[in-house]
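This briefing sets out the domain layout, the chain contact, helix packing and local backbone features of the structure shown below. Points are grouped by topic.

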Amino acid sequence: MDVFVASLFTVLQWPTVGLLLLGVGIGFVVGILPGLGGAVTLALMLPFIYGMDPIPAFAFLLGMHAVVATTGDITSVLFGIPGEATAVATIFDGHPMARRGEAGRALGAVLCSSLVGAIIGAAVLAISVPIVRPLVLAFGPPEFFMLAILGITFVVALSGGNLVRGFLMALLGFLVAMVGLDPFTGKARFAFGQLYLWDGLNIIPVIIGLFALPETLQLMSTKGAIAQGATGPITRVMEGVLDTFRHWWVTLRCSLIGVAIGIIPGMGGATAQFIAYAHAQQTSKTPEEFGKGSIEGVLAAGSVNNSKEGGAIIPTVAFGVPGSTAMAILLGAFLILGLVPGPEMLTKHLDVTFSMVWIIVISNFLAVGLSLLLLRQLVALTFIKGTWLVPFLLVLMTMGAYTTHNDVLDVVVMLFFGVLGWAAIRFGWPRAPFLLAFVLGPTVERYLFLSHQLYEWAFLLRPITLALIAVAALGVGYSLRRERADRRAARLRKEAAA
Amino acid sequence: MRPLTALDGRGALVFSVGVLVVFAYAAYEMNTSFTTRARLLGNALIVPALLLAVTQVVRELRRSQRLAVPAEAVFTRSALGWAAVFFGSLWALGLAFTIPLFSFVYLKLAAREAWPKAAAYAGAAWLFIDLLFNRLLHVPLPGGVIPLPGVTN
């Protein structure tokens, strides 16, 4: 408890609080601008944490990430354009409300429910620490190895798309993570005689290339302003805020759904919002209003959006298994800061873990407060042309990659992975499994080596390892069934059309 | 602003074959020049990787329909051209010159902004980079192959 309270004061100290404000400010704008994703911005900001202490660094990065979903809802309500992929469900009822002149009420509801969701997510994160700690401490290298594999399997199996391509991307990620000197024997692997590759590939140019470069090219291709047309008057905001508490049961249930889904690797925010939305509709007394401007639909989408972050941090911090692209980038931040996720985060670095809880809460209070105060000015922001962001983003990407080693070859690596990222999007190969495997590669290799040293291949027969293998197999089995069902449905549709 | 479509036909197959070649090379490299210890992880992943890559190539060969290109992967030639101009200028002139030059030219020609707006943006971009990276973070900006005064090479 002392550590929990002390970590609040650490977050409120200078310069941590200043970096938190800066992060919140960036996340605030990024959330509103649909051309720019939260994960991409996280990748772009990663180089700036070099030399920082862990808590200020997380205040900056997590503060930014925690509010992206909050402000992403604003454009969903006003223009029917999601600021973030996780704010799509907000459109279903938020935008119809805006069209019938209730934009203020919808915004009040979605912002307030986002805040409640964030607080519930952070509370679950705080409460889970003493529960998860004995479990984490009981795990050895074989269990951690299998957990990492399970995390990647879930990301491949549950994130939709083709299983074969997903697994191939994960395996490619592991292969790329092997580039450089072998940590145990000092033997150069896949270095092609290049001294530059002896250190392995740094996470920053890889992430920027894979995610930020294709997104910037997309922005260059689409050009125009993010929003067009008038929004109408924004009134009755407080009524929406009160709606959150009038329908507290929906807000609470959907927040808890968000936390639960956030914990499962691979499910992600995009899935969570639809599950929570469907649940709210099924349990509503007026399900027929959903999709036409139901306040319950707005509350469900708003609350689930932010609560999932608290849930997603639990496996990342406790087991080193990130559940989403953004969490994988955050795991990269751990490595840059010299922190090893796992038992140490729940013992030696408990203050860092608890500071994350406070960062989520404070940043969301700030974001929601500012959004409610500056709603009209924020609307004006969405009329910025995409082309105005392009030179700035190109420079940020280049400098982000270059400052990794102050070497132009890092820019070349960024370009190489930019091409890979583009090809992956174009041909339907998911990028998240690649990133997860690349980030987890060294950890997986270390745990595999230790497990093999300790038990030979018999480590695969340990009870918890076997249980984790069974869960992974279930995930793959479920995904295979779904893939087959989708194919059958597509064939039937085709036959019906013919 | 015609979208790129040249790779639509057999691009997916080429990409899948490329992935198979990468894994095949990795398998060869691991078995010819890695120690047993250095290829522990590689050995664990290379067999499933090769099997899956072959499966994927076969699937692409049997695919009867063209892939629907997702909207987020459709880049115009103009966008790719401007990106090439930026990185080409970075290689030739270095970042300090590229930032204001590219910002101005891009906003003037691609975004069709007025001269004063484009010039103000270019100046602000240069100032931002100079203040943040040069003066505050003391990061030397990458120079180009063409020697220019005041640029770190």
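In chain B, the C-alpha centres of domain 1 and domain 2 lie 39 Å apart. The domain assignment places domain 1 of chain B at residues 11-71 and domain 2 of chain B at residues 77-136. The model is predicted, and chain A has a mean pLDDT of 81, with 91% of its residues at 70 or more.

**Confidence in chain A**

- Within chain A, helix 8 (residues 163-177) has the highest confidence, at a mean of 91, whereas helix 17 (residues 375-381) has the lowest, at 69.
- Where pLDDT is low, predicted coordinates should not be read in detail.

**Contact between chains A and B**

- Chain B contributes 50 residues to the contact and chain A contributes 44 residues.
- On the side of chain B that touches chain A, at least two residues come from each of helix 1 (11-33), helix 2 (40-62), helix 3 (77-93), helix 4 (95-110) and helix 5 (115-136) of chain B.
- The most is given by helix 2 of chain B, with 11 residues.
- The side of chain B that touches chain A comprises 40 nonpolar, seven polar and three charged residues.

**Helices 4 and 5 of chain B**

- The axes of helix 4 and helix 5 of chain B come within 8 Å and cross at roughly 155°.
- Because this angle is over 145 degrees, helix 4 of chain B is roughly antiparallel to helix 5 of chain B.
- The crossing of helix 4 of chain B with helix 5 of chain B is right-handed.
- Residues of helix 4 of chain B in this contact include B:Ile99, B:Pro100, B:Phe104 and B:Leu107, and among those they meet as a group in helix 5 of chain B are B:Trp115, B:Tyr121, B:Trp126 and B:Ile129.
- By class, the contact of helix 4 with helix 5 of chain B has 12 nonpolar, two polar and two charged residues.

**Helices 6 and 11 of chain A**

- Helix 6 (residues 103-138) and helix 11 (residues 248-263) of chain A have axes that come within 9 Å and cross at roughly 50°.
- Helix 6 of chain A is therefore oblique to helix 11 of chain A, and their crossing is right-handed.
- From helix 6 of chain A, A:Ser113, A:Val116, A:Gly117, A:Ile120, A:Gly121 and A:Val124 meet A:Thr251, A:Ser255, A:Leu256, A:Gly258 and A:Val259 of helix 11 of chain A.
- The residues of this contact between helix 6 and helix 11 of chain A are five nonpolar, six polar and no charged.

**Helices 4 and 5 of chain A**

- Helix 4 (residues 54-79) and helix 5 (residues 89-99) of chain A pack with their axes 6 Å apart, at an angle of about 50°.
- The angle makes helix 4 of chain A oblique to helix 5 of chain A, in a right-handed crossing.
- A:Asp73, A:Ser76, A:Val77 and A:Leu78 of helix 4 of chain A form the contact with A:Thr90, A:Ile91, A:Gly94, A:His95 and A:Ala98 of helix 5 of chain A.
- The contact of helix 4 with helix 5 of chain A divides into four nonpolar, four polar and one charged residues.

**Local backbone features of chain A**

- A:Trp14 and A:Pro15 are joined by a cis peptide bond with omega of about 5°, and A:Pro15 lies in the loop between helix 1 (2-12) and helix 2 (16-32) of chain A.
- A:Phe190 is not a glycine, yet has a positive phi of about 50°.
- The location of A:Phe190 is the loop between strand 2 (188-189) and helix 9 (203-222) of chain A.

Note on methods:
Residues numbered from 1 in each chain as written. Chains lettered and ligands numbered in written order. Predicted model: local features only at pLDDT ≥ 70, side-chain atom pairs only at ≥ 80, totals over all residues. Axes fitted to C-alpha atoms, helices over the stretch in contact; angles between N-to-C directions. Helix = DSSP H or I, 4+ residues; strand = E, 2+ residues; numbered from the N terminus. Parallel < 35°, antiparallel > 145°, perpendicular 65-115°, else oblique. Left-handed = near helix turned anticlockwise from the far one by under 90°. Contact = placed C-beta atoms within 7 Å. Nonpolar A, V, L, I, M, F, W, Y, C, P; charged D, E, K, R; others polar. pLDDT = per-residue confidence, 0-100. Domains from an automatic or database assignment.
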